[in-house]
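Colleague: Please put the structure up, and then we can go through its interfaces one by one.

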Amino acid sequence: MRRSKRFEVLENRPVNLDGFSEEWAEVGLIAMESPYDPLPSIEIRNGVIVEMDGKRREEFDSIDLFIATYGIHIPAAEESMKMKELEIARMLVDVNVPKEELIRIACSITPAKLVRVMSYLNVVEIMMAQMKMRARKTPANQAHVTNLADNPVLMAADTAEAVLRGFVELETTAAVSRYAPFNAMALLVGSAVVNRGVLSQCSLEEATELKLGLRGLTTYAETVSVYGTEAVLTDGDDTPWSKGFLAAAYASRGIKTRFTSGTGSEVLMGNTEKKSMLYLEARCMYLTKACGVQGTQNGSVSCIGVPGAVPGGFRAIAAENLMASMLGMEVASGNDQTFTHSDIRRTSKLFMQLLPGTDFITSGYSATPNLDDIFAGSNTDCDDYDDWYVLQRDIHVDGGIQPVRQEEVIQTRHRAAKAMQGIFENLGLPEISDEEIEAATYAYSSYDMPPRNIVEDIKAAEKFMESGGSGINVVKALYDSGHHEEAENLLGLLKQRVAGDYLQVAAIIDREGRVKSALNDENNYCGPETGYVISEERWQELSSRENVMSPRDF
Amino acid sequence: MAKKLELILIEKGEAKRSGEANEIVVALSPSFGVQQKETIIGMPLGNVLRELAAGIEEEGFLPRFVKYYHSSDLSSFANEAAKISGSGISVGIQSKGTCMIHQRDLEQLDNLEIFPQAPLYDGNVYRQIGKNASKYGKGEIPNPVPTLNDQYALAKYQIKAALLHIKETELVDPHHPPMEMEVVLKEVEEDE
């Protein structure tokens with residue numbers, strides 16, 4: 001066949017480098033509305049759920065049992081289950097129906113019922129509902145801060161810059177897990193350099209992650225993964241009860257926690273019980289709620305290549321975020337790992353959470369170049385800042401991050417790197433040279449950093465942990481090395497754990513060091529001029545640009 | 001260009017804990033060499049094992065191949081393998097090429113080094129993984145194999161990875177014990 005020149009051009013477009021797949025319901029490769037998804041049902045006898053979604057109590061697996069016991073408000077369940085799904089869907093987009101009423105309904109229906117409500121909504125309706133249902137009034141954002149070399153100096157500088165740009169939660173992990181204590185420390189120190197500090201975490205194997213939290217080397221936890229089928233959940237050596245126990249362990253030390261789940265994870269782990277991705281995610285949401293956790297990170301997160309490859313994937317992902325909000329939980333809504341070569345696709349995906357606003361629009365904006373993002377890259381990275389700012393300015397939307405001046409960034413990065421040098425010296429850890437500080441201050445990526453002695457760093461990190469190193473040691477080292485303001489900020493963050501205020505739903509630490517959550521900053525959207533409205537002051541911040549023409553120039 | 005190596009696995013009985021301090025257990029996933037003969041980017045699994053073994057041997061250790069059936073979860077069978085390894089160190093590998101170095105006294109979901117982006121690994125990377133496993137076996141702390149990262153690998157390969165893992169998981173048998181394997185590698189002529 002003679003080839004069309006237009007088809008030749010199209011073939012080479014970035015979108016055609018992405019992986020796509022047909023639906024395959026038998027292995028769960030279907031975003032929502034699988035013919036194998038159960039029909040909603042409930043039967044309650046003597047206050048006990050004896051049937052749920054077509055399964056008798058005797059047939060329940062551990063996830064069913066946990067949800068039926070702790071995840072559904074039984075006194076209201078029969079009445080809520082009688083409501084038509086279409087009616088609930090319409091209430092979601094009706095500004096006259098308050099959020100609380102929908103939360104009450106969602107908490108007293110079954111996973112299959114909630115999924116069927118979603119199937120009545122198109123994406124614009126999902127976005128309208130999301131705007132109303134999110135927990136915190138002020139939208140915010142989370143960033144990834146990692147690098148290929150696990151370089152702690154660069155990591156602290158990158159953290160500080162991210163806080164300056166407005167990220168209120170920062171997440172790291174380790175390319176080599178034995179480096180983790182230094183990575184956690186870098187985020188802790190970097191986050192305390194700007195304003196009064198923000199929350200930080202280090203994603204790791206759960207026991208290690210908990211240990212870092214208990215020691216005060218992280219200030220929140222997120223990577224507590226749950227799955228919608230028993231086989232996958234138990235493959236990770238877990239049960240619903242062990243997850244609940246882990247959540248309680250964090251809460252006992254005043255550490256903010258959210259679980260993580262998302263469409264596609266069960267497909268990737270090879271066990272879906274033939275159910276759709278959204279139905280399995282609904283089970284995760286009720287399981288999370290049942291564990292008493294304040295919030296979730298979902299939105300397919302690191303599995304997005306799977307729902308992203310089948311028809312209707314973005315709609316299912318937006319719906320899973322909405323389900324979390326409907327259950328009264330904080331939602332950190334994905335826009336996390338890279339899933340496409342196409343700028344059009346990645347921006348369209350982002351818009352479904354950026355426009356309505358969620359508690360955390362991205363739960364992993366890469367504050368570094370994607371090449372340094374050890375979470376396998378993010379949908380947006382540091383090269384996209386100016387696009388993000390312009391989009392906020394174009395659309396008049398607050399996406400949670402703001403323009404900054406270059407001088408400020410350089411100063412802030414320098415301060416963070418110096419603080420790391422100070423604490424490393426004070427704690428007897430391997431030296432950080434002035435050359436490294438200089439490099440971290442002006443760096444683009446880890447390629448700009450002089451190499452460190454990785455083996456010595458790993459040994460020192462292990463020794464630090466063995467000798468009982470903690471967040472308080474870091475505060476003291478900051479103070480003793482002359483970084484008094486940073487020491488004060490970090491101590492303030494650790495004190496928050498004693499106060500416990502940031503255990504409230506959707507809590508963040510604001511620029512003045514106060515906790516802002518759904519309790520004191522509740523989203524009360526009920527139509528135009530309600531809910532979050534961008535203030536004049538904030539608009540100045542968001543819309544400012546350096547290279548704009550001014551009438552004064554002419 | 002290395003010749004394509006066909007992988008033949010011969011079962012030698014149930015694998016037990018060994019006292020051989022100079023061995024590294026190479027733990028193979030349920031479908032390794034059965035339904036799947038090559039990694040996600042088409043590298044023959046025979047060549048992968050040749051490189052892992054060569055790396056292990058270069059540091060004076062011996063590879064011992066054990067096939068796992070109870071789980072397709074890499075952390076799970078790699079950790080089990082470390083527990084029966086005389087040196088306490090294992091290299092776990094899934095059919096699609098995802099790999100990790102594990103140690104017997106670590107938590108299952110922890111590891112010494114992890115190689116999660118299979119589309120990026122060539123023979124040289126697998127050889128370095130083998131070498132580092134032996135170094136851990138000697139009680140050394142080697143420089144980790146340099147981390148490779150490409151955010152577009154996910155965009156292109158995640159759905160393929162899911163389909164391959166579904167095939168892998170089809171062969172899971174929770175009650176099947178791990179089996180000792182003899183590995184035979186046969187050079188095959190490549191079609192032009």
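Colleague: Across the interface of domain 1 of chain A and domain 2 of chain A, how many residue pairs are in polar contact?

Modeller: This is a predicted model, in which local features need pLDDT of at least 70 and side-chain atom pairs count only at pLDDT 80 or more, while totals for chains, interfaces and linings use all residues. Residues are numbered from 1 along each chain as its sequence is written, chains are lettered from A and ligands numbered from 1 in the order written, and side-chain values use heavy atoms, without hydrogens and water. A polar contact is a pair of N or O atoms within 3.5 Å; within protein, one must be able to donate a hydrogen and the other to accept it, and residues adjacent in sequence count only if both atoms are side-chain atoms. With both residues at pLDDT 80 or more, the number of pairs between the two domains is three.

Colleague: Which element gives the most to the side of domain 1 of chain A that touches domain 2 of chain A?

Modeller: Helices (H or I, at least four residues) and strands (E, at least two) are DSSP runs, numbered from the N terminus. On that side, α5 (99-106) and α7 (123-133) of chain A each supply at least two residues. With six residues, the element that gives the most is α7(A).

Colleague: Which side chains meet in a salt bridge?

Modeller: The term requires a side-chain nitrogen of Lys or Arg within 4 Å of a carboxyl oxygen of Asp or Glu. Between domain 1 and domain 2 of chain A the count is one. At 3.8 Å, N to O, the pair is K99(A) and E522(A).

Colleague: What area do domain 1 of chain A and domain 2 of chain A bury between them?

Modeller: Buried area is the accessible area (1.4 Å probe) that two parts lose on being put together, summed over both. In domain 1 of chain A, V95(A), M127(A) and M131(A) lose the most to domain 2, together 56% of what that side buries. Carbon and sulfur atoms give 63% of the total, which is about 920 Å².

Colleague: How many residues of chain A are in contact with chain B?

Modeller: Contact means heavy atoms within 4.5 Å. The area buried between chain B and chain A is about 3,100 Å², with zero salt bridges and ten residue pairs in polar contact, both residues at pLDDT 80 or more. Chain B brings 30 residues to the contact, and the number from chain A is 45.
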